[in-house]
Amino acid sequence: MQAQDIIWGGNNKCEIKILRDIGTSAGDVIEITYNYMSDSYEAKKDGNSSAIIVSEASRRTLDNIYLDGSSSATIVRVIDCDDLKLIVEIKVFQDIINFNAMQGIEIEVGEEVIAKMRVKDKENPIGYLSDAFKYNDMLFVKGYGRKGANFTLLSKDRVLNVTRVDNVYVASNLVRYDRNKADFENLYILKGHISFVNATQGASISREVTERMTKIVSGGAYFDIWDAYNDLERLFVLKQATENGVMEYTSYECTLTDCFEYRFHLKSSFEEPFPDEAQIDSTDNDDIKKLDQFENADQIKKLNSIHVGTFVEIENDNTCVIYDRTSSERKKIPNQGYLYYSVVGDSVRLMRRENARNSILARECPIKDLALIVDKGVSVEKTNIHEQPITNMLTRKFPDKVFNEKQRDAIEAAINTPDIALILGPPGTGKTTVIKAIIARFEEYFKKHNDNQIPRILVSSFQHEAVENVIVGVDGNGIPSERKGGKRDEENKQTLNIREWRNNVTIKLGEKIDELTEGIDYSKETLRDKVYAWEKKGKEPAAGIELLKDELQDNRLKLSSELIADITELLSRTSYTSASQKVSQEWEEEKDEENSAILNAQRLTTSSYADDGKRQIINLKVAIFNGNIHCSDGTEFIDAVLNSKGKDEEVFNKYVKIVEKLKQQYVKQKTVATSIDSLTSIEQCLKRMDEELNQERLQRLENRDEATAYILQNYLELIQDEHEIQSIIDKYSNITAATCQQAMEVGRFASSHLYDLVIVDEAARANPLDLLIPMSMAKKIILVGDFLQLPHMLDPEVTKQFENDEKLESLNVLKKSLFQRMYESFDNKPAKVTRTVQLTKQFRMNSLIGDFVNREIYQKENYLLDSSDVDDTKKQANLGMFHDKPLVWIDADKNHFGLEEGRRSKYRPQEAKLLVDEVKSVLKIDMNKTVGVISFYKKQTEYLVKLIKQELTETQQLQVEVGTVDAFQGKEFDVVFLSCTRANTIDIENQRQRTGHLQDRSRLCVSLTRARQLLVAVGDRDTVECVPIIGSLIQECEKGGGYYEQA
């Protein structure tokens, strides 16, 4: 608290003149005393004093304060100072209550009070209370009785209620303070040894955290250390939930845009109760109000909550906005209830880890000695497999691929290991291709040695995108992989994979059917053709009845008596209804009022769309979504318009075309109302009729080729429906794809799967506890990764505990990934079984970039990244920029482009502007170039995204991806721009503070290996050259190996 924040005690102002300078200035607090002997006043400051001269009016003010005997405590603040003339403000209080060291009191602050703090204040609640309520060693209090049982502390905007219970002072409530009351408050001053102490569950959690940290630091068996880590995460899950508290709401509303938007109307005002992107649950169980008393997350799980979605913001202090971007339908949320930080997902995550760990330690997993392999890097298994890596089948499967020596070694190690193999794959060395080859080769091997049985295979990774990258083009049992979990948006890579597979199969089967049916006449339209035409026209019930009548008349002798009876009964009901309702197939010209209104309201020009087009197109999406308007194109075209804000010409034209088609359909093809309410019965009868006719036809077919073609044709028609394909995949695919976490099912109805082969890509990035999950389900394990790129994922709350702990500086067990630990263990031991292989030849990058990365990163760790086989003629940007050198440094020095800005996350506007200008130049020359823009800081990334949206056309933006380093592993682009951002004057001896994330070799490794043709780094040389790798890059460019430019 500052002196100007003391708003109580009245507004007593007067002008005084001191006779000598006592060192006062505006804002100072001084003391004024009355001298009875001389009947005059004195001013004092820091031991210096001076008599003062006052006017009659000021004298009356002072006398009223100091001589009437009603007040014994004042605080005097100098408002203005002109040489020896001062204007002072005197605050008057009832009394000063002193607490010496022996009498000092502590005020305990619990969860209930902290929950009512602003988000930023919750980070350090005790510090916040001290800053807000204390002025030097004074606090301002009202309601302080003789015994001090209950009282209220005041700050400029908050009130803290304090109660004494059994000689313990406890903060009981924190609310807003009405400043309008300040002039009327009669307050006391508490002075001396008074402090706030943390009495929350978080404080006890902190003690438990300390215990776990001690256990980790003390070392011990590998599993013991990670058990302690997992316990830490469990504690932080509960801590996160209790710290964020509970919001009570009185009602809510839901709007469908490109997602479900929920707005909860809160019972009381809040500012920022939840962290950004927090997952939020809802419940109407009042027990949640006791959240601060819960001892474990399982108590929260028992509340029968509903997951709402992702927290977005608080609107107007009393509306909580939450988006659900994953669900396909609106959720049934209580009309009134409570919102709180979700822990269910975290609890399931921790449960999977625990299940895997228990299975491994109890030797209940397929590889009985897996605990020994993980802990000591020792395997007692000996192989009796001696398979060749490359076979004729594999060559046919990969006709355009010639596997190099190390890739062959990797396939051989994977097939012949009795338990586990580890493949170290630097950037561009073909990890994904090798994984696909291992899957194909293992299937061939397994069938040969297991009576042609098909193996169960799991493909996994630490995140969805890495899983999807691997499964594209991988067929399990001749069909796409089964995808567990994953993204729910329709256009994910699994969906694209299914469509690509369907298109390939359609072409191949079409050719085969033509071959088998040459010379056979298929001109007659089949029932399936007629049903398909009926469905395309909207499944009009009357037309369906007529189709049933006609087909029954033509095929009565071929159908079963049961089906004939069912169709006859349906037709009899229809006849009765037709007489009363006059069912008709005549097309009705008059449009359905509601659907017509929606379609006619669509804004079909870009100018009219800018008016209220978004609202109208969302109405159309809702109508399609609810089935009121049938649209075979789904709602993807609407999402595309919303995402482009109606500005993408191609997307908008497609939208206009579809709307015009819908208008024609609902104007001309609307049928007269009918009471035939059993459309499902019509569909079922037609389906059964089709099946019986097909069966009858197969039985009478004498031509084997024709019968085969007929079966293939039915299959071909079946797989045109993606839902049918998914059903086939679920039943028959032998390859499952899932993240490490989602590979294991938990819960009452969970089914446990074991796999003949488990392959984990990006294994070096997986948290060891998550990596153990798929490993615990495997008869054979193949881990693929690169520990010289980004490190494994650790919980930020846990790692934050270790940042300032000197004991952990030399503790590598948490820093080193499980993949690296096992790779180094097996690589350093002589063995008859090869379990480790490093892929060495890269084909992604221009050789100059590849050689630089090899020299500065891989060779220094005794590994190899060989670019000798790269065809640089195919790795040239050919832009006519930077003298066509593939490696570029642009020096944006701080004198011309300014210093970095921001506290924790940094950004540098002028560097960003320079970089975006260079991106524009690239795309102006070659619009087809893919461009990656990488930053080490989130704020710089956000600034770059904003600039790119302003400076680039929408078409150009489609070619550019911007992100932090962590989002770029596994990706590649023609051209990559790297924003170094750091530009400061911090002493070079303090390199960590000077250069921040640039010190991280793994992040630099990822950043420097994304470009195929051109890598451009932009930064302040003076600041960042002290980082060895960047310094070498600058020197390489300056000496002519690359291109150096002074911006």
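Asp317 sits in the loop that links β19 (306–315) to β20 (319–324). Keep in mind that this is a predicted model. Asp317 isn't a glycine, yet its phi is positive, at about 70°.

**Positive phi**
- Asp317 counts as partly exposed because its relative accessibility is 36%, which falls between the 20% cut-off for buried and the 50% cut-off for exposed.
- Phe882 is another non-glycine residue with a positive phi, this time about 55°.
- You'll find Phe882 in the loop between α28 (847–858) and β33 (887–891).
- Phe882 has a relative accessible area of 7%, so it counts as buried.

**A nonpolar surface patch**
- Leu372, Val378 and Val380 make up a nonpolar patch on the surface, and together they have about 210 Å² of accessible area.
- Leu372 belongs to helix α9 (residues 370–376).
- Leu372 is partly exposed because its relative accessibility is 34%.

**Helix α23**
- This helix covers residues 704–718, 15 residues in total, and runs 21 Å from first C-alpha to last, close to the 21 Å expected at 1.5 Å a residue.
- Its buried residues are Glu706, Ala707, Ala709, Tyr710, Asn714 and Leu716.

**The whole protein**
- There are 36 helices and 38 strands in the protein.
- Of the 1047 residues, 50% are buried.
- Among contacts with a separation of 6 or more, 74% are between residues 24 or more positions apart.
- The protein's accessible surface is about 51700 Å², and carbon and sulfur atoms account for 45% of that.

Technical notes
Residues are numbered from 1 along each chain as its sequence is written. This is a predicted model: local features need pLDDT of at least 70, side-chain atom pairs count only at pLDDT 80 or more; totals for chains, interfaces and linings use all residues. Side-chain values use heavy atoms; hydrogens and water are left out. Patches are made of residues with over 30% relative accessible area and no salt bridge: like charges are joined within 9 Å, nonpolar side chains (Val, Leu, Ile, Met, Phe, Trp, Tyr) within 5 Å. Accessible areas come from the Shrake-Rupley method with a 1.4 Å probe; for residues, only the protein chains shown count as cover. A salt bridge is a side-chain nitrogen of Lys or Arg within 4 Å of a carboxyl oxygen of Asp or Glu. Helices (H or I, at least four residues) and strands (E, at least two) are DSSP runs, numbered from the N terminus. Buried means under 20% relative accessible area, exposed over 50%, partly exposed in between (1.4 Å probe, protein chains only). The expected span of a helix is 1.5 Å times one less than its number of residues. Contact means heavy atoms within 4.5 Å.
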